[in-house]
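This briefing covers a predicted model. Please look over the sequence and the coordinates before reading the points below.

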Amino acid sequence: MWNGIKEFLTGKSSREVAKGRLHLVLAHDRTGLDGARLHEMRQEIAAVIAKYVPIDADMVEIQIETRSRETQLTVSSPIQPRNA
Amino acid sequence: MGRAIVITSGKGGVGKTTVTANLGTALAQLGHSAVLVDADIGLRNLDVVMGLENRIVYHLVDAIRGKCSVQKALIKDRRMENLWMLPASQTDDKDSVSPEEMKSLIWELKHTHDFVLIDCPAGIEQGFKNAIAGADEAIVVATPEVSSIRDADRVVGLLAASDIPVRLIVNRISQALVKRGDMLSQSDVIEILALELLGTIPLDDQIVATTNKGIPAVLEGKSLAAKELLRIAKRISGLEVEDRVASGFFARIGRALGLSATPA
């Protein structure tokens, strides 16, 4: 019950925060990619998408997340309206 | 032919040496012959945790260099039948032995003992590579903290690359903190690392006291941590051990009402 009240007042419990941080950190660790390589990959993916649909290259996001021992890479990018 | 099990963690200070000392002692209590190998060359500590520091004559590097036989380098524990320790050298460094040399040393010990427990140094460099070289299986010790779990995950990946099966011990869990939402729970750790669990050792003041005295806690046997360590040893030796049921007043009421009483 205390748990519930505390989470209601302060948002997430430190346990939940730790879990979330671990999912992200482990996902990155498991890919073996450093920040520079990841940046490079993001730029290349953005360039490929931009060849086909109009996008803002700065809005392309790469998310790496892990559940159990499966690691998932997700690329998301808003597409600009045509004739914009 | 015995089984060689490496106890590892990546991060230092999570309780590898204490777990090694207690599991070895508990396995000996269960009637198996066990030898504890300190693979932390240059920073040995298994000897002091076991309280055998005054009896060291030869060490692991001496045995590998042929300065003495492997059997002669072993220290027999006088408190327990069937329990031996092979101390590390304090004056050499990790590079003074190779994985191949470790492998043949462990191979020889497996011929004379049911269990060879290898206390791995922290890190993932040469000392780690030496410690896992002769191991048939691995136990990863992790405390419920972000840094420890991150390092454990790294080690699990390296062990998988070497085809060594891994099981998990979660060390120093405080159920009070878990309930308050301020500590990762046993199931959180299992979910994140996706490993088979051998057991969860509670945070226990008694461990500090027994370690001060150089007595493995399972020899005194009373503390919660010691009981869990004995259960883990039983599980390692292949005995069926039922899951611990939450004790205490509220857990009993919960069970009476048919609510789940399994610890989170």
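What percentage of the 84 residues of chain A count as buried? The figure is 6%.

**Chain A**
- The secondary structure of chain A consists of three helices and two strands.
- Along the sequence, these elements of chain A are arranged as α-α-α-β-β.
- Among contacts in chain A with a separation of 6 or more, 46% are between residues 24 or more positions apart.

**Where chain A touches chain B**
- On chain A, 17 residues are in contact with 14 residues of chain B.
- Two elements of chain A, α1 (2–10) and α2 (14–31), each give two or more residues to the side that touches chain B.
- The largest share of that side of chain A comes from α2(A), with 10 residues.
- By residue class, the side of chain A that touches chain B has eight charged, five nonpolar and four polar residues.

**A helix pair in chain B**
- Two packed helices are described by the angle between their axes and the distance between the axes.
- In chain B, the axes of helix α1 (residues 16–29) and helix α12 (residues 224–236) come within 9 Å and cross at roughly 65 degrees.
- The crossing of α1(B) and α12(B) is right-handed.
- From α1(B), the contact is made by N22(B), L23(B), A26(B) and L27(B).
- From α12(B), the contact is made by L229(B), L230(B), I232(B), A233(B) and I236(B).
- The residues of the contact between α1(B) and α12(B) comprise eight nonpolar, one polar and no charged.

Definitions and conventions: Residues are numbered from 1 along each chain as its sequence is written. Chains are lettered from A and ligands numbered from 1 in the order in which they are written. This is a predicted model: local features need pLDDT of at least 70, side-chain atom pairs count only at pLDDT 80 or more; totals for chains, interfaces and linings use all residues. Two residues are in contact if their C-beta atoms, placed from the backbone, lie within 7 Å. Helices (H or I, at least four residues) and strands (E, at least two) are DSSP runs, numbered from the N terminus. Ala, Val, Leu, Ile, Met, Phe, Trp, Tyr, Cys and Pro count as nonpolar, Asp, Glu, Lys and Arg as charged, and the others, Gly among them, as polar. A residue is buried if 20 or more other C-beta atoms lie within 10 Å of its own, exposed if 12 or fewer, and partly exposed in between; C-beta atoms are placed from the backbone. Axes are lines fitted to C-alpha atoms, for helices over the stretch in contact, and angles run from 0 to 180 degrees between N-to-C directions. A crossing is left-handed if the near helix is turned anticlockwise from the far one by less than a right angle, and right-handed if clockwise.
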